[in-house]
Amino acid sequence: MRAFFILPAILWLLLCSQRVISHGDHPLARISIQKTVAAIDNNASIRAFPPTLGANGLNQEWVTVEYSISNPAIDDWIGVFSPANFSAAACSAENRMVSPPLLCNAPIKYQYANRTNPTYKNTGKGSLKLQLINQRSDFSFALFSGGVSNPKLVALSNKVAFANPNAPVYPRLAQGKTWDEMTVTWTSGYGINDAEPFVEWGLKGDEQRRSPAGTLTFDRNSLCGAPATTVGWRDPGFIHTSYLKELWPNVLYTYKLGHRLHNGSYIWSQNYQFRASPYPGQNSLQRVVIFGDMGKDEADGSNEYNNFQQGALDTTNQLIKDLKNIDIVFHIGDITYANGYLSQWDQFTSQIAPISSLVPYMLASGNHERDWPGTGSFYGNLDSGGECGVPVQNMFYVPAENRAKFWYSTDYGMFRFCIADTEHDWREGSEQYNFIEHCLASVDRQKQPWLIFLAHRVLGYSSATFYADDGSFAEPMGRESLQKLWQKYKVDIAIYGHAHNYERTCPIYQNICTNNEKHFYKGILNGTIHVVAGGAGAGLAEFSTFQPKWSIFRDYDYGFVKLTAFNHSNLLFEYKKSSNGSVYDSFRISRDYKDILACTMDSCPSTTLAS
C-alpha cells in the first residue's frame with residue numbers, strides 16, 4: 001500500500017537555511033539536496049518490512065525494501081531517512097520566497113535501485129536488503145529518479161521503527177585518568193529530565209554496584225558550518241559517561257547500562273564485560289592494536305560509490321575475530337569520516353561496539369574531526385565538514401585535561417603512551433609541546449620500558465606521495481620541533497595515520513639510520529622507529545617512486561599494527577593485513593634496563609670531571 005497519508009507533507013519539503021558544501025569525500029555529499037523536487041508517481045510504490053525492529057532487544061536489524069516504478073532508469077536510487085518525517089516541519093525556509101518542494105536533510109544512507117536487481121531497467125521492479133541500527137528515531141524509504149544530481153522524489157514508504165528507539169546503545173570503554181579507572185560512554189534517547197543514567201557493574205559473579213553517569217549533548221549552534229549545521233545535521237541524542245573506579249588490575253568485571261525512569265521502572269542494556277588494566281609496571285602479557293583512518297563502512301553496500309572506506313569493515317571484522325588476543329585499541333585520528341553528516345557517528349559506534357564494549361577504545365584527533373577555518377585549528381581547511389571537533393569530543397571519552405585540546409597520556413602496564421593532537425600547535429614553546437615533553441620525561445622507564453608516541457598526522461617520516469612531493473617527507477615543522485624530544489627521552493616507536501598506507505623506518509635521528517638491523521633489535525636503538533599505520537579503511541595513498549634509505553618496509557594495502565609486550569625486556573611489533581589477519585612485517589626489541597639508561601647522541605646531558 002502506498003503511503004498516501006504522507007504525501008501532503010512531502011509536497012512541502014523545504015531547503016535548509018544554507019546550501020550544503022560538498023567536500024568531495026563523503027558519498028552523501030554527492031546528492032544535490034538543493035535541486036530535489038517532488039515528482040510523485042501514483043503508479044510507483046515502495047514499502048519496507050518488518051515495520052517493528054529490535055523486538056528481541058537487538059539494536060541492529062535487516063529490513064527488506066520492495067519498490068516499483070513505471071519508467072525505470074539505471075540511476076534511480078533509494079534513500080533512507082531518519083526521522084521518517086522529513087517534511088517542512090523539520091526545518092525552516094531560507095526566506096519567504098523559497099518555493100516548495102525541496103529536501104531538508106540528507107538521507108542517512110542510500111543505494112541504487114538496480115544494485116541487486118539486474119532486470120530493474122526492464123521491469124521497474126526490485127528489492128533491497130538494508131541494515132538499520134537503533135538511532136533514536138523512526139525510518140522511511142524514498143524512491144528517487146533523476147540520479148543524485150537531479151533527484152526527483154517518486155514514492156515514499158511506510159514507517160519502520162525499533163521497539164525502543166531510546167534504548168542505551170553502543171558502549172565505548174576508555175581508560176580513565178588513573179590506571180585503575182575505566183570509563184563507559186554510551187548513547188541513548190533519554191535526557192536528564194527523562195531518566196537517571198548509571199552503570200551497574202562489579203566483579204564477575206559478585207554483588208553488583210551502581211555508578212551514576214553524566215549526560216552531554218550538543219546542538220547546531222555548537223557546530224561551525226555546513227553541512228554539519230544544515231543538511232548533515234541529525235540530533236545526536238544524549239551521551240552518557242560513567243566512571244568505574246578503584247579497579248583491581250587484570251580482573252574481569254561485568255557491567256550493563258541502565259536508565260531509571262521517573263515512574264520507577266528501568267531500561268537495561270544487555271550484559272557486557274571488560275578486563276581492568278594492569279597497573280603501571282606490571283609484568284604481564286600486554287597486547288595493543290594501533291591504526292588510523294578507518295572510518296565506517298556499510299555491510300549492505302550503501303554509500304560505496306567512490307571507493308569510500310572500503311577496508312573499514314575488513315579491519316573491524318579482523319579485530320573482532322582476534323579480540324581475545326587484544327587488550328586495548330588506539331584509533332589515531334580520522335575516526336568516522338562523517339565530514340558533517342552526523343548520522344554517521346551513530347553508525348560508526350555501532351560498527352565498533354563489539355570491540356569498544358569489551359576493551360578500551362582510545363582516540364587521537366584527526367583533520368576530519370577537527371579542522372575548520374577560524375576555530376583554533378592549526379590547519380584552516382574544511383576537512384571536518386563543520387564539525388570542528390564537537391561530535392568526537394562528546395561521543396568519546398579521552399583522559400585529557402581539556403577534551404577540546406585532544407592531547408593526553410595513558411599508562412597500560414609496561415607501556416606509556418603519549419598521544420598528541422596534530423590539529424593543534426605542537427611546535428616548541430606551545431602548550432602542547434610542553435605537555436609532550438612532560439609526558440615523555442615523567443615516565444619511569446624501569447617500570448614502563450616501552451615508550452610510544454602516537455599522533456594523527458605524520459610528524460616523523462613518510463614517503464607517501466603528498467609528503468614526498470614537497471620534499472618534507474612529513475608535516476612541515478614536525479621533526480624540527482619534536483625529534484630532539486624523541487631522542488632525548490628515547491622514544492621507542494612513533495606511530496601515525498593520515499597517510500593511508502603502511503610504512504616503517506629504521507631507528508632514525510636527524511634523517512640518518514642509527515641502526516642497520518631490520519627485524520631484531522638487541523640493546524640500544526640509538527634512535528626512534530617511525531611507523532605510518534594509516535591504512536585501516538579509507539582510500540589508500542600512493543607512495544613516491546623514490547624510496548628513501550630510511551624506509552625499510554612499505555605496503556599499499558589495508559592493515560593495522562599490533563604491539564605485544566611479553567615482559568620488561570621483550571617487545572614484538574607486527575603489521576597485519578586487514579583482509580586476512582596475516583603478518584606482513586614484524587620486528588622484535590630485546591634489551592635490559594641498562595640499555596635504556598645508556599647515552600646516545602643528544603639523549604644525555606653533558607658531563608663534567610669536576611668533583
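The questions below concern the helix packing and strand pairing of a predicted model.

This is a predicted model in which local features need pLDDT of at least 70 and side-chain atom pairs count only at pLDDT 80 or more, while totals for chains, interfaces and linings use all residues. Residues are numbered from 1 along each chain as its sequence is written, and side-chain values use heavy atoms, with hydrogens and water left out.

Q: Why are helix 3 and helix 4 called roughly parallel?
A: The axes of helix 3 (residues 312-321) and helix 4 (residues 343-356) cross at roughly 20° and come within 9 Å. Angles under 35 degrees count as roughly parallel, and helix 3 and helix 4 are therefore described in that way.

Q: What makes up the contact of helix 3 with helix 4, by class?
A: With contact meaning heavy atoms within 4.5 Å, Ala312, Leu313, Thr316, Leu319 and Ile320 in helix 3 meet Gln351, Pro354 and Ile355 in helix 4. By class, this contact has 6 nonpolar, 2 polar and no charged residues, where Ala, Val, Leu, Ile, Met, Phe, Trp, Tyr, Cys and Pro count as nonpolar, Asp, Glu, Lys and Arg as charged, and the others, Gly among them, as polar.

Q: How do you know that strand 32 and strand 33 pair, and in which sense?
A: Two strands pair if DSSP finds at least two bridges between them, and strand 32 (residues 570-577) has 7 bridges to strand 33 in the antiparallel sense. Asn570 stands opposite Ser590 in strand 33.

Q: What joins strand 28 to strand 33?
A: Strand 28 (residues 520-522) and strand 33 (residues 583-590) run parallel and are joined by 3 bridges, and Tyr521 has Ile589 as its bridge partner in strand 33.

Note on methods:
Axes fitted to C-alpha atoms, helices over the stretch in contact; angles between N-to-C directions. Helix = DSSP H or I, 4+ residues; strand = E, 2+ residues; numbered from the N terminus. Parallel < 35°, antiparallel > 145°, perpendicular 65-115°, else oblique.
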